[in-house]
Amino acid sequence: MRTLLITGPGGSGRSTLAAATAQAAAGTGTRTLLLGADRGDTLGAALAVPTGAAPVRVTEQLTAWRPDATESFRADLTAFQNRASSALELLGAARLDAEELTPLPGAEELALLRALRDAALSEAYDLLVVDLPPTPHALALLALPEELRRYLRRLLPAERQAARALRPVLGRLAGVPMPSEWLYDTAGRWDVELAAVEAVLADRNTSVRLVAEPGPAGADAVRAAGLALALRGLRPDVLIANRVLPESVEDTWLAGLGAQQRKTLDEWQGTYDVRHVPHLGHDPRGTDDLAALAVPGVNATGSTVEWPVTDEPAEDGGDRVLVWHIPLPGAIRDELDLVRRGDELVVTVGRFRRIVPLPSALRRCTVAGAALREGELRIRFTPDPDLWPQGR
């Protein structure tokens, strides 16, 4: 199954183009699921078919679904209370009834990730088109599985879970109660679920597509999105320039806007595979309008970018070094920061940051330097003689 993740700045028309992309794919006989997370029924308005918590059949090959974050949040918190009942009773805490629970910030994102995982594992579809939130929230959403798994590994290491028989003894020695088995079981279950979502996002059959309206604001949003995606080892397969005006516009006001659009389009052409979607003169509604948008189809190009490690001669003519190549198109040297913490590397580019584990070979090395050249960060490592076998 292929997965297409679509995002863009707020107001760029990403939901409409997600609906048009899903409709076009379904029209070719592809079993397609259109998945969204907006509280308002933006997808339903574009499709002219209401969507909601239960999947709805739009056409024979197209299904649309907006997961209910409220019900998902209630089910998760109720299950947590059931598992932690003894601890809650010890603290004298009163249980919360399902009827009084309202979703906290982030519940929609978690519900969307769970639906994404379930749809991918169901094998009921050939294509999954996901209408992600606006770009800043979408980037945080894509980072969430990896970051949550890292937190779980740090707070509840697997090696501590393995020593179940020793926990009572360790608790007496330490003088504090050790975490109960249910906590480790819950953390293990979350880790499995998050790993499944992370696998879908990192799969070579998963693509990320950007939607933006050409202009100064759209250019800034695309530049930031491209850099943030690169930091996650991703690149957009296509950049859709939405609501493009015809070049023959004669009206003075529209002519100025058209010239502004063409300037931005020229800038994008050198970096992205840009596809134009025309302005219809009105908000697209229904199957005919969606078909008139003529959106690009889903191709076989994935969005995953490799970060290779190469063995190269040192610049000063000394011993050879290992170089980790991290593509970061659009990065600025003054906004780049690197910090090594044990077997992890903290990479900060502007307002974006990612903590990545070092490849196994580099964990036995020391950092010798780094340089940003032609949109690629190159980090040099020298083998630590105390950690490398003799003669290697």
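Visitor: Is E198 buried, exposed or partly exposed, and what is the relative accessible area behind that word?

Guide: Buried means under 20% relative accessible area, exposed over 50%, and partly exposed in between, using a 1.4 Å probe and protein chains only. E198 has a relative accessible area of 23%, so E198 is partly exposed, whereas R149, at 18% relative accessibility, counts as buried. Keep in mind that this is a predicted model, where local features need pLDDT of at least 70 and side-chain atom pairs count only at pLDDT 80 or more, while totals for chains, interfaces and linings use all residues. Residues are numbered from 1 along each chain as its sequence is written, and side-chain values use heavy atoms, with hydrogens and water left out.

Visitor: What joins the side chains of R149 and E198?

Guide: They meet in a salt bridge, 3.0 Å from N to O, a term for a side-chain nitrogen of Lys or Arg within 4 Å of a carboxyl oxygen of Asp or Glu. This pair links distant parts of the chain, R149 in helix α6 (residues 135-155) and E198 in helix α9 (residues 181-202), 49 residues apart; helices (H or I, at least four residues) and strands (E, at least two) are DSSP runs, numbered from the N terminus.

Visitor: Where do R209 and D237 lie?

Guide: The side chains of R209 and D237 meet in a salt bridge of 2.9 Å, N to O. R209 lies in strand β6 (residues 206-212) and D237 in strand β7 (residues 236-244), so the pair ties together parts 28 residues apart in sequence. Both R209 and D237 are buried.
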